[in-house]
Amino acid sequence: MVGLKPPEVPPTAAVKFVSAGMAGCIADLCTFPLDTAKVRLQIQGEARIPRPVSSVRYRGVLGTLSTMVRTEGARSLYSGLAAGLQRQMSFASIRIGLYDSVKQLYTPKGAENTGMAARLLAGCTTGAVAVACAQPTDVVKVRFQASGALPDSARRYSGTVDAYRTIAREEGIRGLWRGTSDIPNATTSCPGTLPNIARNAIINCGELVTYDLLKDALLRTRLMTDNVPCHFVAAFGAGFCATLVASPVDVVKTRYMNASPGEYRSALSCLLALLTQDGPAGLYKGFVPSFLRLGSWNVVMFVSYEQLQRAVALARPALA
């Protein structure tokens with residue numbers, strides 16, 4: 001068997017919660033440059049960023065990474081990492097670590113198997129709760145990743161803590177939840193729910209439900225045993241499915257979060273501006289880096305998540 005053996009006693013909710021956060025951080029450390037490249041490609045061409053003829057333009061994943069290293073240095077690939085790790089410790093812990101527990105709540109008592117409806121409801125629930133808790137860290141992460149595309153004089157933040165303070169001071173506390181608090185016909189300028197709630201509901205279902213179903217199918221048909229290769233295949237499929245359905249929402253979310261106050265009235269106006277400027281193809285801008293990042297992120301995260309749970313289970317008797 002490849003990897004640690006499944007524990008005889010299922011891991012507790014607390015073990016899953018902590019393991020998911022740690023696995024998310026490990027995956028971010030491995031794939032963060034791809035995420036940064038995705039953000040740069042998605043915001044490229046925004047009207048608010050003036051670009052002279054001689055300005056840097058990004059072409060493809062490898063081209064973006066090499067251009068960033070050449071023009072900004074290797075450290076630019078990990079710009080916003082601190083906020084990214086903060087995000088994973090809260091976001092991944094909730095949406096992934098609590099998924100099984102919430103799934104059981106939606107499963108009727110006495111049912112032999114968990115139905116599709118219960119899985120989808122659990123994915124949407126944990127995804128929505130995670131966004132509500134971790135959104136400020138995502139806003140700061142995206143802005144740091146995008147800031148390298150601007151000249152030094154135009155960069156707004158000197159560090160992660162300064163970013164939180166500046167956003168709260170200039171845009172209000174609600175500005176830290178940019179992309180999660182939109183109310184139809186509201187008169188306030190605070191942006192809202194559409195970009196990130198929609199994105200994370202879709203991605204959470206795409207990732208967790210697909211992984212759950214693929215893993216169950218592989219084990220039920222005995223094509224694979226419960227070990228690393230099985231987790232790898234299920235995670236790869238989950239990453240592709242999530243990228244395919246969530247990429248359009250992800251592009252709008254990235255542009256909306258990175259926008260200056262008042263640039264877009266709502267997520268819908270951001271979407272319309274994108275379609276007007278780039279056409280429907282703009283909705284899949286950065287798809288390749290999105291898949292490379294999300295696919296590899298899923299593989300690293302789910303394999304780490306499964307192994308961490310088993311490592312904790314093995315360590316508990318020794319610590320008792």
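Analyst: The lining of the largest pocket divides into twelve nonpolar, two polar and ten charged residues. Here Ala, Val, Leu, Ile, Met, Phe, Trp, Tyr, Cys and Pro count as nonpolar; Asp, Glu, Lys and Arg count as charged; the others, Gly among them, are polar. This is a predicted model: local features need pLDDT of at least 70 and side-chain atom pairs pLDDT 80 or more, while totals for chains, interfaces and linings use all residues. Residues are numbered from 1 along each chain as its sequence is written, and side-chain values use heavy atoms, without hydrogens and water.

In total, 24 residues line the pocket. K16, D100, K215, E306 and Q309 lie nearest its centre. A pocket is an open set of points on a 1 Å grid over the protein atoms alone, with protein on both sides within 12 Å along at least five of seven lines; a 1.4 Å probe fits at each point, and lining residues have an atom within 4 Å of a point.

The space in this pocket is about 600 Å³. That volume is the space filled by probe spheres set on the points, with grid points joined across faces, edges and corners.

Which helices supply the lining? α4 (99-106), α7 (194-220) and α10 (287-319) each give at least two residues. The largest share, six residues, comes from α7. Helices are DSSP runs (H or I, at least four residues), numbered from the N terminus.

Now the cysteines. The structure holds zero disulfides; a disulfide is a pair of cysteine sulfur atoms within 2.5 Å. C30 is exposed (over 50%), at 52%.

Methods
Buried < 20%, exposed > 50% of the residue type's maximum accessible area, 1.4 Å probe, protein only.
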